[in-house]
There are 2 protein chains.
Amino acid sequence: MPDTVQPAISPLLAAIRDIVGDRGLLTDPVDTAAYCEDWRRLYQGRTPAVIRPASTQETAAVVRLCAQAGVSIVPQGGNTSMVGGAVPAEDGSQLVLSTARLNRVRDLDTIDLTMTVESGVTLKAAQLAATEAGCLLPLSISSEGSAQIGGVLAANAGGNNTVRYGNARDLVLGLEVVLADGSIWNGLRRLRKDNTGYCLRQLFVGSEGTLGIITAAVLKLAPRPRETAVAFCAVPTPEAALDLFTRFQAHDAAAISAFELMSGLGTAFVLKHIEGTTLPLQQASPFYVLVELATPRTDAGLDDAMELILEDALGDGAITDAAIAESEAQRAAIWRLREEHSEAQKREGASVKNDVSVPVSKVPEFISRATEACERLMPGIRAVPFGHMGDGNIHFNLEQPQDADPHWFLAQDHAIMDTVNEVVRVLDGSFSAEHGIGRLKPYMMPDWRGGAELAMMQQIKAALDPRGILNPGKVLPSLATQHPSLRGA
Amino acid sequence: MPDTVQPAISPLLAAIRDIVGDRGLLTDPVDTAAYCEDWRRLYQGRTPAVIRPASTQETAAVVRLCAQAGVSIVPQGGNTSMVGGAVPAEDGSQLVLSTARLNRVRDLDTIDLTMTVESGVTLKAAQLAATEAGCLLPLSISSEGSAQIGGVLAANAGGNNTVRYGNARDLVLGLEVVLADGSIWNGLRRLRKDNTGYCLRQLFVGSEGTLGIITAAVLKLAPRPRETAVAFCAVPTPEAALDLFTRFQAHDAAAISAFELMSGLGTAFVLKHIEGTTLPLQQASPFYVLVELATPRTDAGLDDAMELILEDALGDGAITDAAIAESEAQRAAIWRLREEHSEAQKREGASVKNDVSVPVSKVPEFISRATEACERLMPGIRAVPFGHMGDGNIHFNLEQPQDADPHWFLAQDHAIMDTVNEVVRVLDGSFSAEHGIGRLKPYMMPDWRGGAELAMMQQIKAALDPRGILNPGKVLPSLATQHPSLRGA
């Protein structure tokens, strides 16, 4: 056992090794390093060991031992948190519990439209299992190749299809959870209706591993879409984009599988920095919308509907131009303009990210007020808002002024975030729409969710994890919470 | 103040009167009687007073006083609980807090598709407000004329459209709640995405007033359907009904707004006892299905789709006959065959009700096994299952044998319920699908939801209502919980 392991913890690790075996315990810093840093490189923690149980029973036995010893546990899935939700503290006092080996698809039922998956299954693998069975797991996020179901649920992930199918929360029928005392809650029911007491599953979804460790889940599936139509539209303003959204909503809200807004500038960054991208329109526009319609029907005439709605919108000035994809390749090319936004912003220079939401109807007002406020704060700053307009969830990113020093720019991150959040607050929005709180934002909780709301959260935390051993320092503020410096990852 | 008021409570009531005024406090037994009995007449409680606050602030002030005095409160909306969830105890120690005067629609936004309503607004009034704005509040239950939003959410009501839009729980974006200490949680956010800490709203939805008093809610609306198609189908077996369901699901799950199963016998009771009902088919059948499709599209060709699917099903033997409604009057007549099931069963004789659910794929197995088991228990007993097949939620009601004594039959209620529940349990189902626990079923909780699950519920109850003043004796079992005799209401 390497020197970094504190002597006091050695007997605990030996007992854990007896449960999970050699394969289930990593103590060499070479092996544990990847588990100690988040992918945005905001945090660099330390841990004496990474525990990789192979079953729910092993997980429970490990938690029981840790609870007895009073040693904290940081649950970790694919370690793709945007807010440092899965990294251990710097002081080396916390053990990492990886769900990676809990990786079986236990069941899939095409009549019930449900699948039961263990928490270490990647979202991508779960999607593929659903697709192979002729169904759709309607959750898609950019990190789906490595994000694991347990983390996806613990973070209540959102993504591109939320406008149609809801957040991760909306797909959960049942959970299996190891609790803070090492007991197992088997709530893996796959019922559409079950009013037998408090809805515990929704407490764990979005709790970021602070109330229990999700080991398996029953997820809702949807019938696989068989008709899809994708269009890329030039819109003069966010107001026009909202007008366009209401047209599609009135036509058939259930057919909108994505409605994504992009700024002209952010799209120009993509065209400039990402090889092989082209604008499918004649002229550049101040804003663009990507709209995707989908349905399992084969007789729905989606293409005709798309054309009709866009023709009307063109006539009324809601859009100034549009391209409807006529092949899978064109669809992929249009989606790429949206998906490469983060990468293109990175190549253009330093940027500060804000993952915020407001009521859908307030998105245009939010964009114009937040842009003005940031430009007042820092002349030359470049707002590049994009994201899930159909959910009111805008990634309001700010790119450094041209020729500014990136380090100087990033040093202003809090002033920039505060400026954006001031506008969010006035519009009754949220300072974290889909990325969560993690280690990055607990300090914001008293200000935004204080009073009765935060008090309830703390009461629930104390009730379900009285010794505070599950993912301490995440979600809820504590005296020990550090206020980190942000980097423009 | 009448004699029935215990002297010790008089100062509290005087202080409450100072808050809510004379109009807000009923103490005369003549006035309070209706609040003390549930509509199924399972329970006859007593209360010193019914408090009717006119605002959230008044509600909070009242709860604060009761908390200080240690006096229990029974929140009550329309008093339409199926399980005695809103009646006070017999000992006269509990005050009833009626939400009836919290009856404003505060806001409705047709772009966000949300409405903000106070808890005393009836479901019907909320539906009408949505309809007037050109939208749909997609929740429909038989008691909607008197059921109030607060109770609908506290009970997580289900109903006919759950297969398309989910339970009440799935329609809630935000809540305002008065907590057990009289503090107010303002969680009335109307955001589609908001990952800022624990999901508290889903804890209150379905908690039946035991964790807090809901005073207002933000509900999701849907675009108003503009095309509807309704059919009444004869199916030989529940298996055939399930086959038919999967056909509609594969066509377009999002278009199914109801999929209701009825037994031939239950339907015969309707035709026999309810004036003006007729079978829209040539021949009687062992089972029937009512299917309703709906969409906001006007170009969706639902009628054609309905016809095509039914023709295919007829060809394959999944149905033996079908009638598609061709007018609003025909639609209403078909729906009446489903809606009069409870009333017709009552007129036929005594019956025992079971509101259970199983995974959708297990409904046929459940019906055949539960029917056999009940017939073994009591020769001549008549199973009349009906309900929301698309959710796996069957009202598995049992009608007394012909010529049996109703009192003798009802005295066997527990044996009958236990027999049905044995089958539910084997099929991983729920003993209370949409009606909840109330006062009727807490005694079943240890057996069905015991261990870690019930322990968590009790920990949460203790954390949020440490003095146990909110709706005591409901949902969670306690030593004081009585095991009532059921009546065949």
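**Reading helices, cysteines and symmetry**

Student: Which residues of helix 11 of chain A are buried?

Tutor: Buried means under 20% relative accessible area, exposed over 50% and partly exposed in between, with a 1.4 Å probe and protein chains only. In helix 11 of chain A, the buried residues are Ile334(A), Trp335(A), Leu337(A) and Arg338(A). Before we go on, note that this is a predicted model, in which local features need pLDDT of at least 70 and side-chain atom pairs count only at pLDDT 80 or more, while totals for chains, interfaces and linings use all residues. Residues are numbered from 1 along each chain as its sequence is written, chains are lettered from A and ligands numbered from 1 in the order in which they are written, and side-chain values use heavy atoms, leaving out hydrogens and water.

Student: Why do those buried residues line one face of the helix?

Tutor: Here one takes the arc of the directions from the helix axis to the C-beta atoms. Seen down the axis of helix 11 of chain A, the buried residues fall within an arc of 145 degrees, so they line one face. The face turned away from that buried side carries the exposed residues Glu328(A), Ala329(A) and Glu339(A).

Student: What span does helix 11 of chain A reach from its first C-alpha to its last?

Tutor: Helices are DSSP runs of H or I with at least four residues, and strands are runs of E with at least two, numbered from the N terminus. The expected span of a helix is 1.5 Å times one less than its number of residues. Helix 11 of chain A (residues 328–339) has twelve residues and reaches 16 Å, close to the 16 Å expected.

Student: How many disulfides does the whole structure hold?

Tutor: A disulfide is a pair of cysteine sulfur atoms within 2.5 Å, and a search over all chains finds zero. For Cys36(A), the nearest cysteine sulfur, that of Cys66(A), is 15 Å away, and Cys36(A) is buried at a relative accessible area of 4%. For Cys199(B), the nearest is that of Cys199(A), 7.8 Å away; Cys199(B) also counts as buried, at 4% relative accessibility.

Student: By what turn can chain B be laid on chain A?

Tutor: Two copies of a chain are related by a rotation about an axis and a shift along it. Copies are superposed by least squares on the C-alpha atoms of residues with pLDDT of at least 70 in both. Chain B can be laid on chain A with an RMSD of 0.0 Å by a turn of 180 degrees and a shift of 0.0 Å along the axis, which is the relation of a two-fold axis. With contact meaning heavy atoms within 4.5 Å, 100% of the contact residues of chain B recur in chain A, and the same surface serves both copies.
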